[in-house]
Amino acid sequence: MPNNYFKFKQFTIHQDGSAMKVGTDGVLLGAWTDVEKSERILDVGTGTGLIAIMLAQRTNSEVRIDAVEIDDSAYQQAMENINACPWTNRIFGVHESFQELCARSEEKYDAIVSNPPYFMNGLDAKEESRTKARNADHLPFEELLEGAKKLLNPEGTFSVVLPIEEGNYFMRLAKLTGFSLKRKCHVLPNPGKPAKRYLLEFSLKECNTLEEELIVENGQRHVYSPQYIELTKEFYLKF
């Protein structure tokens, strides 16, 4: 894969101007998120625009998607990718922080999705933009959850992808904020290996948690599980 772009079946993601490149986390979240009944969707911290574009591919022509991004370079990159994709008329870039959007917006969304910054210990990556994209100091979990609660329809869902330790912390905060955990998917790199990521779906309505497991590879590098292929086959060229 050339580092400056990643080609999917129906669109291409250019990423030379974005700190966070296309990765398994974003693809998984874009493919796993439940948007079946959604008419308005919000992608928080859209980066390259990947998840917003994936959700546009998965939904019908009536669905509107707002993609918020604070970083100047990432926003420009996202708009380049959005404008070049087949669903550009349904995706709208929002160039501001999520906190600013929450303060001014009265919009309600049926689905809110985020591949959020998660480094909570203040360790900075070498590039400032990469630090901002990955460090939760710029979008603390508490502010992400409070904002999602404000903007989410009562019947809607809020979905994120996180590493295990940060995911456990996020689930505790979500419960304190008034969310109920609707779905929890343990993402395992290989059979028998411990989970490396959680895919989490929250609701503002009290509900039971559906626990799932997803294995990415079948014990060999680049030999993918039938489950992973089924989930992502509409996107990856190799499937």
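**Briefing: helix contacts and selected residues in a predicted model**

Ser-38 is located in the loop that runs between H1 and strand S3 (40-44). The structure is a predicted model, with an average pLDDT of 91 for the protein.

**Confidence**

- A pLDDT of at least 70 is reached by 91% of the residues.
- Residues 122-135 have a pLDDT below 50.
- Where pLDDT is low, the predicted coordinates should not be read in detail.

**Ser-38**

- Ser-38 has a relative accessibility of 7% and therefore counts as buried, the cut-off being under 20%.
- Apart from neighbours within four places in sequence, the contacts of Ser-38 are with Val-63, Asp-110 and Ala-111.

**Helices H1 and H2**

- The crossing in which H1 passes H2 is right-handed.
- On the H1 side, the contact involves Gly-26, Val-27, Leu-29, Gly-30, Ala-31 and Trp-32. These residues meet Leu-50, Ile-51, Met-54, Leu-55 and Arg-58 of H2.
- By residue class, the contact of H1 with H2 comprises 8 nonpolar, 2 polar and 1 charged.
- An α-helix has 3.6 residues a turn, so residues three or four places apart point the same way.
- H2 is largely enclosed by the rest of the structure, because 8 of its 9 residues are buried.
- The buried residues of H2 are Leu-50, Ile-51, Ala-52, Ile-53, Met-54, Leu-55, Ala-56 and Gln-57.

**Helices H6 and H7**

- H6 and H7 cross in a right-handed manner.
- H6 contributes Phe-141, Glu-142, Leu-144, Leu-145, Glu-146 and Lys-149 to the contact. From H7 come Glu-166, Tyr-169, Phe-170, Leu-173, Ala-174 and Thr-177.
- The residues of the contact of H6 with H7 are divided into 7 nonpolar, 1 polar and 4 charged.

- Glu-206 occupies the loop between strand S9 (197-203) and S10.
- With a relative accessible area of 75%, Glu-206 is exposed.
- Glu-206 and Gly-178 are 28 residues apart along the chain, and their C-alpha atoms are separated by 9.1 Å.
- His-222 belongs to the loop between strand S10 (210-215) and helix H8 (226-232).
- Although His-222 is not a glycine, it has a positive phi of about 65°.

- From C-alpha to C-alpha, Lys-238 and Phe-158 are 30 Å apart in space, while in sequence they are 80 residues apart.

Terms used. Residues numbered from 1 in each chain as written. Predicted model: local features only at pLDDT ≥ 70, side-chain atom pairs only at ≥ 80, totals over all residues. Heavy atoms only, no water. Left-handed = near helix turned anticlockwise from the far one by under 90°. Helix = DSSP H or I, 4+ residues; strand = E, 2+ residues; numbered from the N terminus. Contact = heavy atoms within 4.5 Å. Nonpolar A, V, L, I, M, F, W, Y, C, P; charged D, E, K, R; others polar. pLDDT = per-residue confidence, 0-100. Buried < 20%, exposed > 50% of the residue type's maximum accessible area, 1.4 Å probe, protein only.
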